[in-house]
Amino acid sequence: ITPSDRTLLSFGSRQLARSSLKALDSGFLSPEELGVMEAEIAETDRLADQLVARSGLEHAELPGTISPTLAAVARPLGAFELLGNTGEDAFRGPRVTPSPPPLANMLDLPSRGDIHNLADATDALERGLRITGTLLSRARDTGGGAGAASASRLAIQGQVISLLQTLFTEVLPVPLPPGEAAAGVCVWSAEPATKAAQLKA
């Protein structure tokens, strides 16, 4: 073993001896057991000294301390000076002029008096879906600063919620329970709905 290993073993032996004395004071070891422990520590130290002598490294020194500073040579990238020959425009992509977001016509939504049959109700749903899509598209394309964009998106999302609430509570009539709807009064049951009309609605 090397002298460094021998030093570590010496530290371990000392720590074990201190722990044995504490165990004796606490009553966990008897004086006889402490004597056995002392003999084992002494034998371990003797064998460790023999191993160092056999290795021929008893006069070797510990490795030196690592320096906190490191000298290095900085080499710039090859042809780095060529980057100064052109401006930044050569590295930019094509200029794109953003188109203004579309405006939603809220007056396109019909009123309750315009709903007379299932076709009118389906048309109202389609108009509401179209207006909602336009509002959400405008919310995604809102420009300006981060704070202004967030405020605008929040306002538009509030308009979408208000639009859906108006569509389903004020524009579309509520279906009447089966058996209580008079003929021709409930637009949802006044006429048979085909599969295509149901999927469209």
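How many helices and strands does the protein have?

**View 1. Overall fold of the predicted model.** The protein contains five helices and zero strands. Followed along the sequence, its elements read α-α-α-α-α. Of the 201 residues in the protein, 17% are buried. Where contacts join residues at least 6 apart in sequence, 64% of them link residues at least 24 apart. The protein has an accessible surface of about 15,400 Å², and carbon and sulfur atoms account for 60% of that surface.

**View 2. The largest nonpolar core.** This core is made up of 15 residues. Leu109, Ile115, Ala124, Leu135, Leu167, Val171 and Leu172 have the most contacts inside it. Helices α3 (118-140) and α4 (146-171) each contribute at least two residues to the core. The most comes from α3, which gives six residues.

**View 3. Surroundings of Val171.** Val171 is one of the core residues with the most contacts inside the core. Leaving aside residues up to four places away in sequence, Val171 touches Leu109, Pro110, Ser111, Arg112, Ile115, Ala124 and Thr166. Among these neighbours, Leu109, Ile115 and Ala124 are also listed with the most contacts inside the core.

**View 4. A nonpolar patch on the surface.** The patch is formed by Ile1, Leu9 and Leu51. Together these residues have about 230 Å² of accessible area. Leu51 lies in helix α2 (residues 31-55). Is Leu51 buried or partly exposed? The relative accessible area of Leu51 is 40%, so Leu51 counts as partly exposed.

Conventions
Residues numbered from 1 in each chain as written. Predicted model: local features only at pLDDT ≥ 70, side-chain atom pairs only at ≥ 80, totals over all residues. Heavy atoms only, no water. Helix = DSSP H or I, 4+ residues; strand = E, 2+ residues; numbered from the N terminus. Buried < 20%, exposed > 50% of the residue type's maximum accessible area, 1.4 Å probe, protein only. Contact = heavy atoms within 4.5 Å. Areas by Shrake-Rupley, 256 points an atom, 1.4 Å probe, with all protein chains shown as cover. Patch = residues over 30% accessible without salt bridge, like charges linked within 9 Å, V, L, I, M, F, W, Y side chains within 5 Å. Salt bridge = Lys/Arg side-chain N within 4 Å of Asp/Glu carboxyl O. Core = buried A, V, L, I, M, F, W, Y, C linked by side-chain atoms within 4.5 Å.
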